[in-house]
Amino acid sequence: MGPKQHPSRSQTFSARAESETLPALTSYLLSLIALKQSNLCVSADVHTTSTLLRLAEEVGDSICVLKTHVDIIDDFSDRTIKGLQEIAKRKYFLIFEDRKFGDIGNTVQSQYTRGPLRVATWAHLTNAHIFPGPTIIPSLHTAATSALISLNQSVSTEISTGTPRSSIDGSAGGVDTETEAEISPHKITVTNFNNPFHTQTPSFNPASSSSAQPSSSYQPLSPDSMIDMSHRRSSVVTATTTISQTFEPSPPNPATLSRSLSSSSDTQLDRATALRELGPPPHARGLLLLAQMSSEGNMFTPA
């Protein structure tokens, strides 16, 4: 009598996706397999960004996962990742960076979230060896959690200038907005997104700003000028910093999508609708562990 199989082995992908005990990303992948009627993963071992994006465009409709090795791409940059993310979102597949992490905890955390690759910021899936020991799992989990939090966070700073408004009794009573519009009409807002592949340049309107021209010769201030300056109102500079956190909505129930697909008369049309309703992947990361039991001579091969 052979070994007892897990009950899920006899279930359909759509039925397995309905399990409440599954992580969100696992359920999403099983839903993709059911909706696209494909469990294909294509290995994109290419050496240029253009070749990678062209391959993703060609096979994207027929796969559920695209496996990459971005450390062998000669011209890797943020253009590589932005292009790949755009295609993956449009054609509904996950990105799997075949990084094969295999070092101590602090090192793999830095390799996963930092450096030129920053895998945690864009790859839905990655993998790791198990020979460093069991601590590699919580190490990568902690790194992924931190990366996802910072990825969805933005810091916005607004700087404005104006002049204080005097009250009836002569005391300071706020900022004169009308004078602010005349003397210093511009505001500059700087937004810093922690997503390393999302950059935004502050906008600046030259028409609303004044530029001081340097004087051709130095002239000392006369006593009358100094008296006149003493009656000028001082300027106020206000800086407001806002830290915002965005959260994605819960995806539709994969069971509902699968049932509507199976009951539809126009399967092709309904599949496209179901994929749109399924939407983008959840804000999560997945880890595959490499047991390496198929290579002769490794530590799992009996002596």
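Okay, a definition to start: when I say buried, I mean under 20% relative accessible area, with exposed being over 50% and partly exposed in between, using a 1.4 Å probe on protein chains only. With that in hand, look at β2: V65 and K67 point one way, L66 and T68 point the other, and all are buried. In a regular strand, side chains alternate between the two faces of the sheet.

Quick housekeeping. This is a predicted model, where local features need pLDDT of at least 70, side-chain atom pairs count only at pLDDT 80 or more, and totals for chains, interfaces and linings use all residues. Residues are numbered from 1 along each chain as its sequence is written, and side-chain values use heavy atoms, with hydrogens and water left out.

So, the sheet. It's open, with five parallel strands in the order β1-β2-β3-β4-β9. Strands here are DSSP E runs of at least two residues, helices are H or I runs of at least four, both numbered from the N terminus, and two strands pair if DSSP finds at least two bridges between them. At the edges sit β1 (41-44) and β9 (286-290), each pairing on one side only.

Back to β2, residues 65-68, which pairs with β1 in the parallel sense over four bridges. Across from K67 in β2 you'll find S43, and A44 stands opposite T68. On the β3 side there are four bridges too, again parallel, and there K67 faces F96.

How does the chain get from β2 to β3? Through helix α4, residues 78-91, in a right-handed β-α-β crossover: with the strands pointing away from you, the path from the first strand over the helix to the second runs clockwise.
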